[in-house]
Amino acid sequence: MIDFRCNICGAQNQLPAAAFHREAGQCTGCGANARFRGMMLGLSLGLYGTPRALCDLPEDQRLSGIGCSDHDIYAKPLARLFAYVNTFFDRAPRLDLGDRQSAQPYLPADFVICSDVLEHVAPPVSEGFATLRQMLRPGGLLVFSVPSYDMPTTLEHFPDYHEAALVRLGEHQVLVNQRRDGGAEIFKDLVFHGGEGATLEMRRFAQVDVLAGLQAAGFEDIVGLAPDRPEIGYWWPAEQLLCAEVIIARAGPPLG
Amino acid sequence: MSTEDFVALQARLEAAEAELQAIRTSISWRLAQRMRHLTLRVPGLRRTARLSVATFRWLKRIGPSGPAPLLRPPQASRRPSRPGPLAALWYEAAQPEVSIIVLNYRGAEYTRDCVESIWRHTAGVRYELIIADNGSGEAELAQLRRLRGPCRLLPIATNRQFGEGNNIAAEAARGSFVLFLNNDTVVTEGWLAPLVEALRHEPGLGAVGPRLLRTDGRVQCTGCLLLPDGRIREIGSGAAPDDQRFTASRSVDYVAGAALLMRRVEFLAAGGFDPLYEPAYYEDVDLCLRLRAAGLDVRCLPQASVLHYGSVSQSKALSVDDVSARNRVKLVARWRRRGPLPLPPLPLRQAPPEGRPRVLLHSPIPLQAGGGERYLLTLAEALSTHYQVALLPDQPHSRLRLERVATTFGLDLSRVALLTGEAEAVAFGPDLFISMGNTLMPARPSLAPRGVYLCQFPFPEDPLRLSAHMPHLASYQCVVVYSDFVARHFRADAAAVVALPPPVRVISPACPQPPRAPRGRPVGAPLHILAVGRFFTGDHCKRQDTLLRAFARLQRLSPRPLHLHLAGATHPEPKNQAFLLQCRALARGLPVSFHTDISGEEMQAHLAEADICWHGAGLGVDAHAEPSALEHFGIAVLEGMAQGALCFAMAAGGPAEIIRPGETGYLFHDEDELVSLSLAAIEAWDSTQIMGIRQAASTAVEAHLPAVMAARWQALAAEMLGDVQPPAMAVPA
């Protein structure tokens, strides 16, 4: 059994080790999973240098933050504590990480939270990293996660993605893509996260490419937070390939 | 008890008596009179009535309708206003410490209540009260004149909107501090002194504001925060007035312009409220952000309270949400780029040349950073070194605004007087009148013995107006236009209606930047294409939509990576906003950047980075049927050429006179030709031929330097005035 105090709502929990996974280990108080707790650990460490629970943080509305489709479990407390705005791909306030123009309606923030979004962004994924950098003031904090794997290179499922649509064929959906050169292609065996819909998996990240992508976009002081904090429930058993730990990084000076 | 305390108590007593009187004269009090008599005779009934009233009040308090309002909208017909004893004690017309500015626009009832509350509750600070009427009309002014108490009425002839109205009033203020107060507010006891006290003793404090209360007594805000998407979070909104979380003073992103106190000198030095946000919303945010960028704190002091109705003077024609949303975009765009650079200190007004002839310049358009304004103000600067020069806009403007526009253009207008209204113009006694216009006939006759009509283009006009204004033209001895293209059209149009029109001269606008050698790019490096122009539809549209389509095609064909930059001001009208949205949609997925409402310096930086400049005005226009839709001169073309960019413009209108095709740039007739010519140039980009064209273009700009324009105008003025002491000048051939 693992005893932990949720670093979002402060509830005391006791769960068997087998119940823990990146997407599991739900807190009985707020429902947060291990990943959510890891994100808030990253935020606290990045902002204050100490692992404080969200419910213990002082209100500081002079700190501005932007979320990328953040879950309400931590988006709501963040909105109470900070000058924080959660954004969405499909509704206002809108943000498409795949289009750096969509960062224009936002003032550079003190922190940006982006958890498990970049694997769904249309290629090239460098645009997604660049957009994240544009959302931050120099020195601003990125709290980031994406499922990534210990493999040599990222697997882009649709490398020539240009103008595409999901089409239902029988019981399954396929992706029909028109490449830039005008040619058409069809993809089957699509992977959706959280059920079929808008969260189509576009790629499987190699962990090395995650770090390289962040660096290329102008992030510095990139630190991975290993899931080894059972006292706050940020813990899961090591998997052979999946890395997917929470990463914090600082936005470097503006790029020319 | 001190005299002040006594006077304060007396004022409170007077206010309480007034409220009691209001209750006694109310309909509900009179209707309940019989019931009260009955309850006096029957004790049981009295208990029942009390219980019923208590129950009713309790239900009302917990009910969905919320607490009873503290304030009700003011009534139109009411007793005349009275100042009260505190006003007599603290009002100071000659040397006030604080100038309270209440801007009125068709809300005299609210203004009266606001002013009365100021008279009743302001103590501890010597103050003056300026009621600036923003062009509400004579009937409204008459109501304001009936206010029986100390105040200064400042009529502004037309509605200059929130920011400019307050700027004009701040320039007329006499106090060391200016307090901007919405007319839909009611101040409370002890509201002003703590605010002034804070600014008096803390030099690092730039602006302060009181707690704003809603009409139901709950907190509207104790200062405001700016969220990353530009939306506002009102701190403490909806809280009970005694909620301890919102009773301490706090630093905030901004305090609302509904009640904002600053040092007057800092307000003026900061440039006042920025006209970028006209008609309203976000001027206060921007002002406070500028203060904070300058290292000054902005704070809300909840010990001072002001009740606020909110949005009562907003024009019904404007959708608050639309205006606010547009200005939010402007604010974010500006502050994303780390905000505007602090304005340089206002230039000291310099004395005009003594005893020299007087030149009056007239502009019918509001002062903003546009091409016509640049021309007229460049002219004002050029003439002000030799003559006494005054500027007469059709609408009242603040000096702040004039200086802001002059700074944008890099002009020194410190010798130029700014006049308001024809009476001041006549008193100025001009010897030469230069009037700018956009029609064949000038809007007004010359106000001086000699007149020059500066016609930007003879746009089609209503025949009745044309006929009414026809006699005006005879009072001008000369017409000046920007280009031969305009001169041809003016002469042709004038010949059709006037037997002997004045002679027409061409004095083209000046390129503000000196030419420089073209800059090379590493072979294969991305090329920057820049299109400069305001985002608007209709006549004179810069056709960014067509340029985007052309760019999409060009990008597919180009052997080099390209990036298109679209830079220009935005217009608030829905059709123009829709056009901008359409352009953004067309840009999706393309390497395109929009730079909207940027400063002159930022525009200059984009010009300096540009390899290619595209000018789309006139695309798709029938040059014979709609000559007015063509570029009349094409200053943006010159600016691109000056920076050594390779310029492409429509083969019509003014640009066709500037560019020598194949020698100093390229002229195209349609989108296809723009794409093919651009592609050919990109394919040969690193050749000596392209570099030669860019070099020749840069050299050609020398004929359009500000000194050339200035010399031509000085020569014309001397000629018109028969000036016996003409300035030394050398007019280029």
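Me: What does the secondary structure of chain A come to?
Reply: Four helices and 16 strands. Those are DSSP runs numbered from the N terminus: helices are H or I with at least four residues, strands E with at least two. This is a predicted model: local features need pLDDT of at least 70, side-chain atom pairs count only at pLDDT 80 or more, and totals for chains, interfaces and linings use all residues. Residues are numbered from 1 along each chain as written, chains are lettered from A and ligands numbered from 1 in written order, and side-chain values use heavy atoms, without hydrogens and water.

Me: How do strand 10 and strand 11 of chain A pair?
Reply: In the antiparallel sense, over four bridges. Pairing takes at least two DSSP bridges. A:Val176 has A:Ile186 as its bridge partner.

Me: What's in the turn?
Reply: Five residues separate the two strands of this hairpin, and A:Gly182 in the turn has a positive phi of about 95°.

Me: Which side chains of strand 11 in chain A are buried?
Reply: A:Glu185 and A:Phe187, on one face. Buried means under 20% relative accessible area, exposed over 50%, partly exposed in between (1.4 Å probe, protein chains only).

Me: And chain A overall?
Reply: 52% of its 256 residues count as buried. The C-alpha atoms fill a box of roughly 55 × 45 × 35 Å along the principal axes.

Me: Switching to chain B. At what angle do helix 13 and helix 14 cross?
Reply: Roughly 95°, with the axes of helix 13 (residues 371–384) and helix 14 (residues 399–409) of chain B coming within 10 Å. Axes are lines fitted to C-alpha atoms over the stretch in contact, and angles run from 0 to 180 degrees between N-to-C directions.
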